[in-house]
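Here is a brief report on charged side chains and their contacts. Please look over the sequence and the model first.

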Number of protein chains: 2
Amino acid sequence: MKPTLQAVADAVGVSRSTVSNAYSRPDQLSAALRERILGAARQLGYPGPNPTARSLRRGFVGSIGVLFTSQLSYAFTDPFAVRFLAGVGEAAERHGTSMLLVPLSRAEPDARRAVENAAVDGFCVYCVADEEWALDVIRARGLPFVSTAARDDAGPDEPFVGIDERAAARSVATHVAGLGHRRVALLADSVLTDAPAGPLTLSGVDRVPHPTTHGRLAGFADAFAEVGVGWAELTLLNAQGNSRQAGAAAVAGLFDGPTPPTAVLAGSDVLALGVLDALAERPAGDRPPVSVTGFDDIPEAAAAGLTTVRQPAEEKGRIAAKLLLDPPADAAAGHVLLPTALVVRDSTGPVPRS
Amino acid sequence: MKPTLQAVADAVGVSRSTVSNAYSRPDQLSAALRERILGAARQLGYPGPNPTARSLRRGFVGSIGVLFTSQLSYAFTDPFAVRFLAGVGEAAERHGTSMLLVPLSRAEPDARRAVENAAVDGFCVYCVADEEWALDVIRARGLPFVSTAARDDAGPDEPFVGIDERAAARSVATHVAGLGHRRVALLADSVLTDAPAGPLTLSGVDRVPHPTTHGRLAGFADAFAEVGVGWAELTLLNAQGNSRQAGAAAVAGLFDGPTPPTAVLAGSDVLALGVLDALAERPAGDRPPVSVTGFDDIPEAAAAGLTTVRQPAEEKGRIAAKLLLDPPADAAAGHVLLPTALVVRDSTGPVPRS
DNA sequence: GATCCAGTCTGTATCGATACAGAGACTAGC
DNA sequence: GCTAGTCTCTGTATCGATACAGACTGGATC
């Protein structure tokens, strides 16, 4: 069938090793013989060393995996994720490495197999929630990884690139609190696993399992605690998924009660845009002046005039990949905290006096 | 170091084969023994069969490659490409397959190696221009592939999913011609390899090497030929890359001559949006009423009111992946032509009377 | 009691390459 | 003329698994 390296060796009358060298270590044989070998290979239609066999023998693959919590298709729907991927891709490309996108479907056994079977040299773990098992699999495989979501049990020497979620969230919440808002709703994706969309009661923010969500909600709460608004007085809203639709669905009916919130702080821009969508759908006369904030500063946020927190998306990906591809000798250098910035736009304003 | 399958076998006191079966063919051994083996494996920290070794022996990898003409990072910059990828990802995910994004950097030797070394079972070839060598490598490797750009030498039995570029382009151009436009510029990415940005003279549309670009430009030309405007009377503009910036740069100075075009037909939405950007940047008094059209109908096109041709992006990716993952028995079914639709919005209007 | 069979498990060959030690040939140097 | 040192090339062991044919066991069948 397909010719192997052996076939080429036989055709030229040299050993397998020499043909291998012709491809992988040109300095190990004379230029003339090398030409003769490559010529014969071309003639036989030999496509070069089989990547799988080569990987097995060499011990590395030449590609890195990117792990997503949610479906693969989701990765391309969230603009922040896309920009992160672009960053990873850029660094990988510069390094001559491919990237394998590993879907983590809902069914754990399947997802587990996907991580176990991924032919990669390491993983960029984008936003793994309580899927601690995935990290266990990666560790068991002995593969390096870089995570982008702070986790409670993450050692300081575990490669990480991300932001101080709590402080960043606090900054935008402080802005909102400073505008006078006291009746406030916090909106996030998957506050609890499998919770329904809409209001949710939780004894404390520490009950939130997902570390990123926890950090952001805690930051929001910090700022309001400072102006005397306790956790129990805040309305907590759950969204089922990270999308505009989910954001809109989560605030359904929220503004129809007697004392509706005057501000909604969302854990991501897409959710916040969903809230704006929901507001825009109401008849013009019945549109409460709600302040809305997001998180990430995706391109659409600027167009929508959304107040948000900017975090460097491409750079996050770029650095994550770089940490993976050539790890710094100094372990501390493997822990990168990126800067964030509060971006104030039109979607927030002083609390109405009524 | 890392335990191998052999180590587990030794620990339990069974043969390698049996351990292998415990993972891959549970029906081949008793449930009790299987539990014992998996238990021992857990205890030893054995992460399951090595994916590379397994791939080598089994003869397939469990992932498909996606090939881009341009940089990997570009793939994430073009919304159409992102949606295509989302479609591929969705189908791959459903099939339990990962997707490998293969960068095709500028330097051909590197790019070639990337294709040769990609550990995949097949390729989705997205938009390969004159990089015929890539297809040669894929064929030499004996891997199946699906292409999305019509190529001249494509046999009818070569798996393909795409649109009738020429007819689709013609439809939008007919619309513009119907509005009375006769002084028209055609704008496309990489009309010729390495051409500078801006006006370009070409003896005929058949000189355009990139098949997609050729198809679209030819379609544009068809429509104008029908109303008596020949190829030589059309202004041809080259863009260096497929981005808003490239689109804006390509029309620099275009509207400052004595008889500027009244319409610009672009080969993609991003280029068209770039043209709109360039127009918006001019002082309000000096803004010629130019009709602009795009191609693809990306989400941003709707927001910008851009007249364009819609082609189903996700579906293109989904079908491409499906053709690759379970090829139809009937070769003719491997040639899919997707529908397109002219979408008229505000960016086109009747030619000004002045 | 011989035959057959299903259910389990083992052994050997194999997938397609690379690493590494070492064998010959050939030039240099003294 | 003999020892070193370079260049080339070869041979064998190995990477870590799976496929497949066959061996063994214990019961059902006639």
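## A charged network in chain A

Salt bridges link A:Arg166, A:Arg170, A:Asp222 and A:Glu226 in a network. The model is predicted.

The side chains of A:Arg166 and A:Asp222 form a salt bridge at 2.8 Å, N to O. A:Arg166 lies in helix H9 (residues 165–178) and A:Asp222 in helix H10 (residues 211–226), both of chain A, so this pair ties together parts 56 residues apart in sequence. A:Asp222 also meets A:Arg170, side chain to side chain, in a salt bridge of 3.8 Å, N to O. A:Arg170 is in helix H9 and A:Asp222 in helix H10, so the pair ties together parts that are 52 residues apart in sequence.

How exposed are the two arginines? A:Arg166 is partly exposed, at 38% relative accessibility. A:Arg170 is partly exposed too, with a relative accessible area of 30%.

A:Asp297 and A:Arg345 meet through their side chains in a salt bridge (3.1 Å, N to O). This pair links distant parts of the chain, 48 residues apart. A:Asp297 sits in the loop between strand S10 (291–293) and helix H13 (299–304). A:Arg345 sits in the segment after strand S13 (341–343).

Buried or exposed? A:Asp297 has a relative accessible area of 9%, so A:Asp297 is buried. A:Arg345 is buried at 19%; the cut-off for buried is under 20%.

## A contact in chain B

B:Arg139 belongs to helix H8 (residues 132–141) of chain B. Its side chain makes a polar contact with the side chain of B:Asp136, at 3.2 Å. B:Arg139 counts as partly exposed, at 36% relative accessibility.

## Whole-structure count

Over all chains, a search of the whole structure finds 32 salt bridges.

Key:
Residues numbered from 1 in each chain as written. Chains lettered and ligands numbered in written order. Predicted model: local features only at pLDDT ≥ 70, side-chain atom pairs only at ≥ 80, totals over all residues. Heavy atoms only, no water. Helix = DSSP H or I, 4+ residues; strand = E, 2+ residues; numbered from the N terminus. Buried < 20%, exposed > 50% of the residue type's maximum accessible area, 1.4 Å probe, protein only. Polar contact = N/O pair within 3.5 Å; in protein donor to acceptor, adjacent residues only side chain to side chain. Salt bridge = Lys/Arg side-chain N within 4 Å of Asp/Glu carboxyl O.
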